Amino acid sequence: MSGVRSPAWEAPVTVAELVNAGPLAGARMYGTGENPVRGVRIVDEPAVFGTVAPHTAVVLTGTAAGGGWAVEMAMRRAWEQAAACVIAPSGGLSEGSGEVLAERLGVTLIFVDEDPLIVAVRVASAASRPDAARTQLVARCATRLAETDLSARRVLGVLNTELPGTSVAFLDPYGRHLAGRRDATGDRPSAVDGPSAVDGASAGAGSSTDEGWSLSSGKGGRWSAVVEVPDQEGGVLGTLVAAGSSRSPGWPSVVRTVLGLAVAPLTAWAARERLRACLDFALRSSVAERVLAEASTSFSDVEPAPGEEETAGGVRVAAVALGWPVDGPLTAYQIRPVTDPGDASTAQALIIAALGHVPVLARAGGWAGWSSLEPAELVERLERCLPTMPWRCAAGVGAPVEGVRAVGESLLGAEAAAYVAGAGTVARADRMGPAELLGALPTGVLRAPAAVVLRPLLAIDRDGTLLETLAAVLDEGGSLKAAERLGVHRNTITTRLDRVKATGFDLDDAATRLALQLACHVMLR
Amino acid sequence: MSGSIGAEELELFSAGARLFATGAAESSYNLTLDWARSVAGQGVELVAAGDLAPGTLCVAVTLAGSTTALSEQVPAGDEPVRAVRALERRLGERAGAVVALNLAAENALVPFIAAAGLGVPLVDGDGTGRVFPLVEQTTYTLGGLSPVPLALAGASGELVLLETAAGRVEELLRPVVLSVGGWGVAACYPMAARDLARALVPGTVSMLMRAGVPGAPRSAAAPYGVRTLCRGQILAVEGSTGHGADLALPSLPSSIVLREPDGLRRLLRLEAHNEIVLALADGAVVATVPDQICMISTGDGMVVDVDKAEPGLEVDIMVVKAAPVWHTERGLALGGPRAFGFPL
């Protein structure tokens, strides 16, 4: 048993714990409720107060609960006896003066609607077996978590409902809020870009004990608990963070246990989403499109308004569930089928197999997406991917950019690079120049028109000298350099050019020059 | 102290009688004062109980019922005399002196009116040293004297003579008072001067005359001491529960919540049942009956009635210490918190 529960579970329950999550749930509490409760005493007349022990929850009945005066006197006596709290039946009493007195004396006052005697029995049981009371809470949370739908929002909803006085949030691997209450991260350092933020945040939780939570006295007893949620492959899906200000020594430990219960549903949720998306290209593609669309408007910097949170955050949650990178340095890719494009689902499955969890969307007659891999690594993976494709494909990789907001620019680069890349090869947009553009010319297709254009020349050019000279002059931009390249006298060049012009080509016309240079390039490659 | 109360002394006496009196409605008080002025004549002799012949029959005279009713149903003028005469007829003996049951406002003046009408002296002293709501709650009762036979005269000529066990007087008297118009003058506690001298709180009439002198401190009206608890602003006036449900007191319990405007800023609660029975400060008992707890308006210096208390009013809370006999075991049983239903 000791291996399962922390010793903190044996610590006495506090008044706030009784009200927030225990047998007094729903009662109205005035005061901080931070005192531990070690026992219960039923007080039916003022004389009984003389024998009330410290840290006792005093339950008023009979004359002792008979009116505002009686409750006030009871609070005074409770204060004198260092009692934990005063529990009074709510019937007919005005609570205003009790509230004032609770604040003045520092004695917590609780009004209950139920029969005080029944309340007393329940409080007594919680006080005598604090670990049992806490176990009960954990069991209730486990049941609720088992019953809930597999969804990050639902799971966080359960946590925040069942752990009152405690705020729980689910953060993505970049330390940004995905679901739950934002105030759970209230005094954590603001999220930094990049996966390292998670480590930074756990360290920020202070002198974390091996329990994973800490009590920092400096901030009015605020504590926080951090639990990492893995995805089905053992990577980091996100982090559950809980915070509260209860001074109960047992509570953070209970919270941590409950957070632990939520890890499996969250991992299962992400795994199920990934499986579903793997099988369905349209779903995956649509999520990717929405991520891109949202990134251009409000994705990360603008805090969504409370009403729009459901929709705005929804795509982010989906993206995280699918394990997609949405922050840090990102690089886009494009795969271009050289022949007719085939089945998108097959393409997606092969791309994911090679690149890991990345978005795949239909783009420019092929498939595109982005990855957090380095460009060089991405090229390598794509090179391994292309041969696995049942169609001949070329691929391009864009320049690395910062965050999903800028990924559109990288996608354009990837598209261009994929276009210039030859079948079975991968081009990088950041390494692309004029040579690559020329290389991208469909020489096979152009060879026939080129031959037609050059036919008058080819007719007299028996050894190909004229074509070579024309290409050299056009490439080098003049006779002098052409002579140098070909290793002949410049007069030789001039003579050959005259023969070319004699076949009817006007080399002073720019359009003719461009067409001839293109034709030469195609013919000579 | 002996002397006489003339027109001039009457004014001082009546002023002194208001200093700590609760329940004194302005109109009924003025009416009673006018009534007293009209009969003052040559004045009333004021005697100490011990100066009377020991066998002299003395009768306590008091207003019974509601002062509001008194201001609505104007007295005929002969009520005090008729009540005492009825008692004399029953006892077969003439009364030689009149004494007050208590000396709060109208109740101080009615015995004076009776003494003037009967031509007998007024005894310097009273039966409480303060006010209690019940006819039995007197030092006369503590002295072993019986309130009966009791004669009640109403404003429309009614005359009722009560004879019963001492503990049932209030129970029988209250419906009778209601049926005669809400108020009447009662003559009760017929007793010999020697017994009166033993049971009364002495010297209170002359004390009130001294306290009524303009400029005299309010504490002059409190023979056994007075203290100011604190100043408070009324936050709320609530109905109250949990005490006195089985007590037959003339009015319903209420509770006044106040806050000290400065200093400790304590939360105060005054539990009232006919009068202020209990004062709590931050839940601690700071004053109870038999001492008399008063709210004195800081605005006009007048006593604030429990049923006139309203949120926003600022008052000084003063505690008039009761005569020592009230702090005895028997005194507390008759006029302490338990008599008002508080299990203290």
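Before the tour, one definition: a residue counts as buried if 20 or more other C-beta atoms lie within 10 Å of its own, exposed if 12 or fewer, and partly exposed in between, with C-beta atoms placed from the backbone. The model is a predicted one, in which local features need pLDDT of at least 70 and side-chain atom pairs count only at pLDDT 80 or more, while totals for chains, interfaces and linings use all residues. Residues are numbered from 1 along each chain as its sequence is written, and chains are lettered from A and ligands numbered from 1 in the order in which they are written.

**Stop 1: chain A as a whole**

Select chain A. Of its 525 residues, 44% are buried. Its secondary structure comes to 19 helices and 16 strands; helices (H or I, at least four residues) and strands (E, at least two) are DSSP runs, numbered from the N terminus. Call two residues in contact if their C-beta atoms, placed from the backbone, lie within 7 Å. Among the contacts in chain A with a separation of 6 or more, 63% join residues 24 or more positions apart.

**Stop 2: colour by confidence**

The mean for chain A is 78, and 85% of its residues reach 70 or more. Which elements of chain A have the lowest and the highest mean pLDDT? Helix α7 (residues 196-204) has the lowest, 36, and strand β11 (residues 329-337) the highest, 90. Select residues 188-219 of chain A next: pLDDT stays under 50 there, and the model has 59 contacts beyond four places in sequence for this stretch. Over residues 299-312 of chain A pLDDT also stays under 50, with 10 such contacts. Where pLDDT is low, the predicted coordinates should not be read in detail.

**Stop 3: helix α4 of chain A**

Select residues 116-128 of chain A. This helix, α4, has 13 residues and reaches 18 Å from its first C-alpha to its last, close to the 18 Å expected; the expected span is 1.5 Å times one less than the number of residues. Buried here are A:P116, A:V119, A:A120, A:V123, A:A126 and A:A127. Look down the axis of α4(A): these buried residues fall within an arc of 130 degrees, so they line one face of the helix. The arc is that of the directions from the helix axis to the C-beta atoms. On the face turned away from the buried side sit the exposed residues A:L117 and A:I118.

**Stop 4: helix α11 of chain A**

Move to residues 344-355 of chain A, which form α11. Its buried residues are A:A347, A:Q348, A:I351 and A:L355. Down the axis of α11(A) they fall within an arc of 100 degrees, so they line one face of this helix too. An α-helix has 3.6 residues a turn, so residues three or four places apart point the same way.

**Stop 5: strand β3 of chain B**

Switch to chain B and select residues 57-65. Nine of the nine residues of β3(B) are buried, so this strand is largely enclosed by the rest of the structure. Two strands pair if DSSP finds at least two bridges between them. β3(B) pairs with strand β8 (residues 183-192) of chain B in the antiparallel sense over eight bridges, and B:L63 stands opposite B:V185 in β8(B). With strand β4 (residues 97-100) of chain B, β3(B) pairs in the parallel sense over four bridges; here B:V59 stands opposite B:V98.

Definitions and conventions:
pLDDT = per-residue confidence, 0-100.
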